[in-house]
Amino acid sequence: MISMIEFTDITAWIHSLLLSVMTPTWTYIVELALSGVTALVVLLVCVIIMVYMERKVAGFMQLRWGPNRVGPYGIFQVIADVIKLLLKESFSPNRADKVMFNIAPALALCVSLMALAPISWAPGLTMWDTNIGILFITAISSMGVIGILMAGWSSNNKYSLIGAMRSGAQIVSYELSAGLSIVTAVALAGTLSTNGIIQSQADGWWILKGQIPAIIAFLIYVIASTAECNRAPFDLAEAESELTAGYHTEYAGMQFGIFYLNEYINMAIVSIIASTLFLGGWMPFHLPFDYPVVHVFNHIMDFIPTWMWFFGKMFLIIFFMMWFRWTFPRLRIDQLLKLEWKYLLPISIVNLLFAAVIIVLHWHL
Amino acid sequence: MENQPTTPSPTELRTEEFVVNIGPQHPATHGVLRIEATLDGETVKDILPHLGYIHRGIEKMTESMPYKQSIYLTSRMDYLSAHINNHACSLAIENALGIEVSARAKAIRIIMDELQRLTSHELWWGSCAMDIGAVTPFFLGFRDRERILEIFEANTGNRLTMNYIIPGGVMRDVLPSFVTDVKELLKKIKGYRHEYDQLITGNFIFQHRTQGVGYLSKEQAISLACSGPVARASGVSCDVRKHYPYDGYEKLDFNEVIDYGCDNWARYLVHMEEMNQSIHIIEQLLDNFPTGEYRTKIKGIIKLPEGEYYQRVETARGELGVYIVADGSNKPYRMKFRTPSFSNLGAVKPTTVGLKIADLMANMSTIDLVVPDIDR
C-alpha cells in the first residue's frame with residue numbers, strides 16, 4: 001500500500017543509492033543540497049497556496065470573489081503575478097545606498113529560510129535534527145529585522161525609515177513574549193529538539209495536556225508571532241494608510257516580490273513552530289486518557305497521514321492570521337508597545353512560572 | 001538663554017525634527033491634499049496643509065455662466081454631497097426670484113439630500129476604518145452605498161454628479177416605483193447596520209484608536225468655524241436643518257445629533273447616528289409622498305434682480321453657504337461658496353499636534369475632508 005510508505009523509507013533509499021555511487025563525504029554534500037532544494041520547493045508551493053488563500057479569504061470577507069480569471073478559480077493568478085514581478089525593472093532611488101539597498105531583500109529572505117533547517121516535517125524527516133532546534137529558530141528569527149532595517153535605512157526615504165524603525169521596535173519587543181511562550185512549551189516537553197517536542201506529544205498535544213498555561217502560551221505565541229511577521233493588526237512597518245508601504249516603499253519588481261515572499265515564508269514558519277510546540281506538528285490528534293474508546297479513537301486518527309496533519313495545522317493557524325488581518329484595524333505604535341510590555345510580557349512571565357509549578361507537581365497530563 | 005543651541009558632544013545622542021510631506025499623492029489624504037508634517041520621531045510637532053492642487057476656479061467660472069449652468073459646477077465641489085450642493089444653489093436662486101416649489105419637488109429634494117448624506121457617511125465609514133487600518137469595512141460601506149447609487153442612477157441618470165435639483169424643482173420626475181424602491185432600500189440598509197457595529201464600532205482596537213484621540217474643544221470648534229459632524233461632536237449645535245430649515249425640514253421629526261466627547265470617537269458616533277436620523281427623515285416623507293408637479297415652470301433665462309443673496313444648507317460635512325451678488329444680468333457678478341471642508345480642515349492641526357502619525361490619519365478621516373471641496 002502506498003500510504004504505508006513512510007518518508008523515512010524514501011530518505012533511507014536515497015541515502016543508500018547515493019552511497020553506492022559516491023564517497024560518504026559527497027553523499028553528505030549532495031544530501032544537504034537535495035534537502036535544501038526540497039524544503040525550498042515545498043515552501044514555495046506553500047507560499048503560492050497561501051497567497052491564493054489570502055486573496056480568497058480576503059475576498060470572502062469583503063463580499064467579492066478574489067482571483068477568478070486566470071485559470072480555473074483563478075489558481076494561476078499568483079503565477080501570473082510572479083511573472084509580472086520578474087519582468088519589472090528593479091531600480092533603486094537616486095541617492096540610495098545601492099549596495100545595502102540590493103542586499104536587504106536577499107538578507108531578509110536568507111534569514112527566514114535558515115529557520116527552516118531544524119523543522120521536523122514528518123516522522124524522521126528533519127533536515128538538521130539537532131538538540132537545540134528551537135533555540136536555533138528563535139536566534140535566527142531575531143535576525144529578520146536586520147534586512148528590514150537595512151531596507152528602510154538605505155532607501156533614502158523618510159517613509160521607509162519610519163517603517164523600518166517601527167519594525168525594529170516591534171520585532172525586538174515581541175521576540176520576548178514569543179520567546180517566553182516557546183520556553184513554556186519547551187519546559188513542558190523537556191527538550192529543545194523539534195523532533196523531541198513532537199514525540200513528547202504522542203499521547204496528546206500540549207495544548208490539551210499542558211492545562212491553562214499551554215493555552216495561554218499558545219495564544220500569546222500566535223499574537224506575538226503575528227506581530228513578528230509584521231502582519232495586520234501589527235503591520236505598522238508597512239502601514240499602508242500612514243506610510244504608503246513602509247520599509248519597502250522604494251522597492252520594485254522582484255526585490256519587492258522577495259519582501260512579499262518573505263512575509264509569507266515567515267508566516268509559514270511561525271505557524272509551523274506554533275503547531276510543533278502546541279499542536280503536535282505532524283503528530284495525529286490523540287487524547288491523553290486511558291479508556292478503550294479513546295484507544296480506538298487514537299488508532300483511527302493514526303490512519304490520517306502525517307503530512308495532512310502537518311499542513312492542516314499549519315494552514316489552520318495561517319487562516320487565523322489572515323482572519324486577523326482582514327477584520328482588525330491597526331494599532332498605533334505606542335499601543336503596540338504598551339500591549340507587549342504591559343500585558344503580554346508580564347502575562348508570559350507569570351504563565352511560565354505557573355507552567356513550571358504545574359510541571360514540578362506533575363499536574364500536566 | 002535656554003533656547004541656545006548646544007553643540008552635542010560626539011558621544012551624545014543627537015535628535016532632530018524632520019519634515020514629511022503627506023500627499024499630494026498619499027493613500028490617507030483621499031485626494032490631492034498635501035500636509036507638511038513636522039515630526040519628532042513618531043510624534044507630530046506641526047502641521048501645515050497646502051491647498052490648491054485641485055483648484056479649478058469654480059467660483060470664477062460661475063461669473064461667465066448663466067445661473068442654470070453654474071449649478072452644474074457645484075456638483076463638482078463636494079462630489080459626495082452633489083445633490084445637496086445643487087440644492088443650495090437652487091434655493092439661493094429661488095429665494096432671489098421668489099419662486100415657491102411644489103410639495104412633491106420638496107419631498108423629492110429632501111429624500112435625495114438624505115440619501116446623499118447616507119451615501120456620503122457610508123463611504124466615510126469605510127474610508128475612516130481604512131485609515132485606521134481595517135480594509136474590510138471599505139467594501140461593506142461601498143456595498144450599501146452602491147444600492148443608493150442605483151436609485152440615483154435610475155431616477156436621475158447619474159451616479160456621482162447628478163445635476164438633478166434645479167431652480168424650480170427637480171430635473172425630471174422620479175420613477176413610479178421610487179417610493180417602493182427606497183422603502184426596500186432602507187429595509188436593506190437597516191438590516192446591514194448591525195454589521196457596522198459588529199465589525200468596527202464594537203472593535204476594541206478601533207475604540208482605543210479613537211477614544212480620547214483628536215480632542216477639539218467647543219471653543220476651538222467655534223473659533224475655527226467648524227460645522228457639521230465635526231462641530232456637533234464638540235457639542236456645538238449647528239445643524240442648518242434645525243436652525244435655518246429649508247424646503248420643509250421644519251415639518252419633519254428628527255434630532256440634531258450632538259455629542260460632547262470632542263474626540264474621534266464622538267465624531268464617529270455622530271456620523272453613525274446621523275445615518276439613523278437620515279433614514280428616519282426619509283421614512284417620514286415616504287409614508288405620505290405628495291403628488292403633483294415636480295417642477296414649477298420658470299423662465300428659460302434666469303435673471304436675478306440686483307442684490308445680494310445668501311443661502312445655507314447642511315451637507316454631509318457641514319454648512320455650505322452660497323453667496324450670490326447679482327447685477328441684474330443672467331450671470332452672477334460674484335458667486336462665493338462657503339464650503340464645510342475648508343473650515344473643517346483647520347481642525348486638523350489643533351487635534352493632531354502632539355499625537356502620533358497614525359493619529360493624524362485617524363483625525364483627518366473623522367474630520368471627513370473632501371479635497372475638491374476644500375479647493376473648489
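Modeller: Two residues are in contact if their C-beta atoms, placed from the backbone, lie within 7 Å. This is a predicted model: local features need pLDDT of at least 70, side-chain atom pairs count only at pLDDT 80 or more, and totals for chains, interfaces and linings use all residues. Residues are numbered from 1 along each chain as its sequence is written, while chains are lettered from A and ligands numbered from 1 in written order.

Colleague: Which residues in H3(B) do B:Tyr67, B:Ile71 and B:Thr74 meet?

Modeller: Helices are DSSP runs (H or I, at least four residues), numbered from the N terminus. B:Tyr67, B:Ile71 and B:Thr74 sit in H2(B). Their partners in H3(B) are B:Asn85, B:Asn86, B:Cys89, B:Ser90 and B:Ile93.

Colleague: Is H2(B) roughly parallel or roughly antiparallel to H3(B)?

Modeller: Helix H2 (67-74) and helix H3 (82-97) of chain B have axes 8 Å apart and pack at about 155 degrees. Angles run from 0 to 180 degrees between N-to-C directions, with axes fitted to C-alpha atoms over the stretch in contact. Over 145 counts as roughly antiparallel, under 35 as roughly parallel. So H2(B) and H3(B) are roughly antiparallel.

Colleague: How many residues does the contact take from chain A and from chain B?

Modeller: On the side of chain A that touches chain B, helices H11 (240-243), H14 (306-327) and H15 (333-360) of chain A each give two or more residues. The contact takes 21 residues from chain A and, from chain B, 27 residues.

Colleague: What box do the C-alpha atoms of chain A fill?

Modeller: Chain A has 15 helices. Taken along the principal axes, the box of its C-alpha atoms is roughly 70 × 55 × 45 Å.

Conventions
Angles under 35 degrees count as roughly parallel, over 145 as roughly antiparallel, 65 to 115 as roughly perpendicular and the rest as oblique.
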